[in-house]
Amino acid sequence: MVGQSDYQVEVKEMIFGEGQKPLVRKTAILDSGTSYIAVPHTEIFKLYGGLPTNQCNCQVHNQCVCSCHDLTKYPDLTIIIGDLSITLRPIDYLQYFDDENYGRYCMPQFLSVENTDKILLGDTFLKKVVSVYDLDNHRIGLARNINESTINVEENNGNIFLLPKLSNLLYSLLIGAGMFVVFVGIAKKAKQWRRKVDRYSHLEHSTFKDE
């Protein structure tokens, strides 16, 4: 843990594309309050340099607008912290949008920030790791999140659009199945209680009649 006021670590290097290392030896703040990977505004184009130029336009208000019909054309982004190497695949750092005028497009979850020389590692990075914060001893523990889902983009022809829909469908089916199981369980319990109440009422009625 580099700093004591924030959750800070040292990024040894980022590797983006064919051996490119746009950022090295930078202090990074782990920030769950943002979904982006944010870098100093003076260095944002170093990071954009790893994106395929024939797929992205990075001249739009310091942001990139990209085609994402074939994600196999995009490189992985590897972030090295200490001895831990975390790799983000294109599906991890690209977010897609639908626009009535422009159709479908993607934007990398990279952001430029001013008045700082530090990196912000938001949820785009944090979802790939398990983090433990020991504030008493000013330590942070990081490990790969082995439960984080992985998708073989090549097997899906690089198509990012079907994946979120498929994920949402499976999620809805699981939620629906869970609710059905709970409903059946409640109905079964209610039926058992009704039998007990009927039996108890019958016993009370018989006792009163005998007296």
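User: What makes β1 and β2 a pair in this structure?

Analyst: In this predicted model, β1 and β2 share five bridges and run in the antiparallel sense. Two strands pair when there are at least two bridges between them, so five bridges qualify β1 and β2 as a pair.

User: Why are β7 and β10 called edge strands?

Analyst: The open sheet has seven strands, ordered β7-β6-β1-β2-β11-β3-β10, with mixed pairing. β7 (84–88) and β10 (110–113) each pair on one side only, and that makes them the edges. On average, neighbouring strands in this sheet are turned by 35° against each other, direction ignored.

User: Which residues touch the most other members of the largest nonpolar core?

Analyst: M14, L77, L121 and F125, out of 37 residues in that core. Strand β1 (residues 8–16) gives the most to the core, with four residues. In soluble globular proteins, nonpolar side chains tend to be buried together.

User: What does L121 contact beyond its neighbours within four places in sequence?

Analyst: Its contacts include V11, M14, A28, I29 and L30. Also among them are Y36, I37, I79, I81 and L126. D31 is on the list as well.

User: Why is T78 called buried?

Analyst: T78 has 14% relative accessibility. Buried means under 20%, so T78 counts as buried. T78 lies in strand β6 (residues 77–81).

User: What makes the link between T78 and T87 a polar contact?

Analyst: The distance between their side chains is 3.2 Å. The limit is within 3.5 Å for a pair of N or O atoms, so this pair passes. T87 is also one of the residues in contact with T78, alongside E13, M14, I15, S85 and I86, leaving aside neighbours within four places in sequence.

User: How do you know that E43 and K26 form a salt bridge?

Analyst: Their closest N and O atoms are 2.8 Å apart. The cut-off is within 4 Å, so the pair qualifies. The bridge links distant parts of the chain: E43 is in the loop between β3 and α1 (44–48), K26 is in strand β2 (residues 24–30), and they are 17 residues apart. Both E43 and K26 are buried.

User: What makes K46 a salt-bridge partner of E43?

Analyst: The closest N and O atoms of E43 and K46 are 3.7 Å apart. That is within 4 Å, so the bridge counts. K46 has a relative accessible area of 46%, so it is partly exposed. K26, E43 and K46 are linked in a network of salt bridges. The whole structure holds six salt bridges.

Conventions. Residues numbered from 1 in each chain as written. Predicted model: local features only at pLDDT ≥ 70, side-chain atom pairs only at ≥ 80, totals over all residues. Heavy atoms only, no water. Axes fitted to C-alpha atoms, helices over the stretch in contact; angles between N-to-C directions. Core = buried A, V, L, I, M, F, W, Y, C linked by side-chain atoms within 4.5 Å. Buried < 20%, exposed > 50% of the residue type's maximum accessible area, 1.4 Å probe, protein only. Contact = heavy atoms within 4.5 Å. Polar contact = N/O pair within 3.5 Å; in protein donor to acceptor, adjacent residues only side chain to side chain. Salt bridge = Lys/Arg side-chain N within 4 Å of Asp/Glu carboxyl O.
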